[in-house]
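Please walk through this structure with a view to its aromatic rings and its surface charges.

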Amino acid sequence: MHLIKFSSEDCGTCHRMSHYDSKVAEELGCSFISVMLQDTEMYRKYRKILLKQYPNKEGMGWPTYLLVNDPDGDFSIEGELKGGMPKGDFRTKLADLLPS
């Protein structure tokens, strides 16, 4: 499983969560991919995944995390987390999305 974080450089909540989100994802066995909307190359690479979940970007949170199988191929979105939350809540919610 891959956890893709869509965020923005000027988002304070995104920055605060960056202190622990990748570490928690890796501890739970996910690879972590950070996509800053300002990073044109990364954004282009993963844009199709974001637009499948949010065709016109309405309803996105900052940050938005998508749990994805095979992000570089025939991907499927297995779950999402959006908005800021404390580390413990993030860990619990992500663990609940993962297959047992």
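Tyrosine 65 and phenylalanine 90 are both buried in this predicted model. Here, buried means a relative accessible area under 20%. Tyrosine 20 is buried as well, like phenylalanine 90.

A search of the whole structure gives 2 aromatic pairs. One of them joins tyrosine 20 and phenylalanine 90, with 6.3 Å centre to centre and 65° between the planes, an edge-to-face arrangement. Tyrosine 20 sits in the loop between helix H1 (12-17) and helix H2 (21-27), while phenylalanine 90 belongs to helix H4 (residues 87-97), so this pair ties together parts that are 70 residues apart in sequence.

Phenylalanine 90 also pairs with tyrosine 65: the ring centres are 4.9 Å apart and the planes are at 55°, so this pair is tilted. The term edge-to-face is kept for planes over 60 degrees apart, and stacked for those under 30 degrees. Tyrosine 65 is part of strand S3 (residues 64-69) and phenylalanine 90 is part of helix H4, so the parts tied together here are 25 residues apart in sequence. Tyr20, Tyr65 and Phe90 together form one aromatic cluster.

Which residues form a negative surface patch? They are Glu9, Asp10, Asp39 and Glu41. Glutamate 9, one of these residues, is found in the loop between strand S1 (2-7) and H1. Is glutamate 9 buried or exposed? Its relative accessible area is 57%, and exposed means over 50%, so glutamate 9 counts as exposed.

Notes
Residues are numbered from 1 along each chain as its sequence is written. This is a predicted model: local features need pLDDT of at least 70, side-chain atom pairs count only at pLDDT 80 or more; totals for chains, interfaces and linings use all residues. Side-chain values use heavy atoms; hydrogens and water are left out. Rings of Phe, Tyr and Trp (its six-membered ring) pair if their centres lie within 6.5 Å; planes under 30 degrees apart count as stacked, over 60 as edge-to-face and the rest as tilted. Helices (H or I, at least four residues) and strands (E, at least two) are DSSP runs, numbered from the N terminus. Buried means under 20% relative accessible area, exposed over 50%, partly exposed in between (1.4 Å probe, protein chains only). Patches are made of residues with over 30% relative accessible area and no salt bridge: like charges are joined within 9 Å, nonpolar side chains (Val, Leu, Ile, Met, Phe, Trp, Tyr) within 5 Å. Accessible areas come from the Shrake-Rupley method with a 1.4 Å probe; for residues, only the protein chains shown count as cover. A salt bridge is a side-chain nitrogen of Lys or Arg within 4 Å of a carboxyl oxygen of Asp or Glu. Lys and Arg count as positive and Asp and Glu as negative; His and the chain ends are not counted. The place of a charge is taken as NZ of Lys, CZ of Arg, CG of Asp or CD of Glu.
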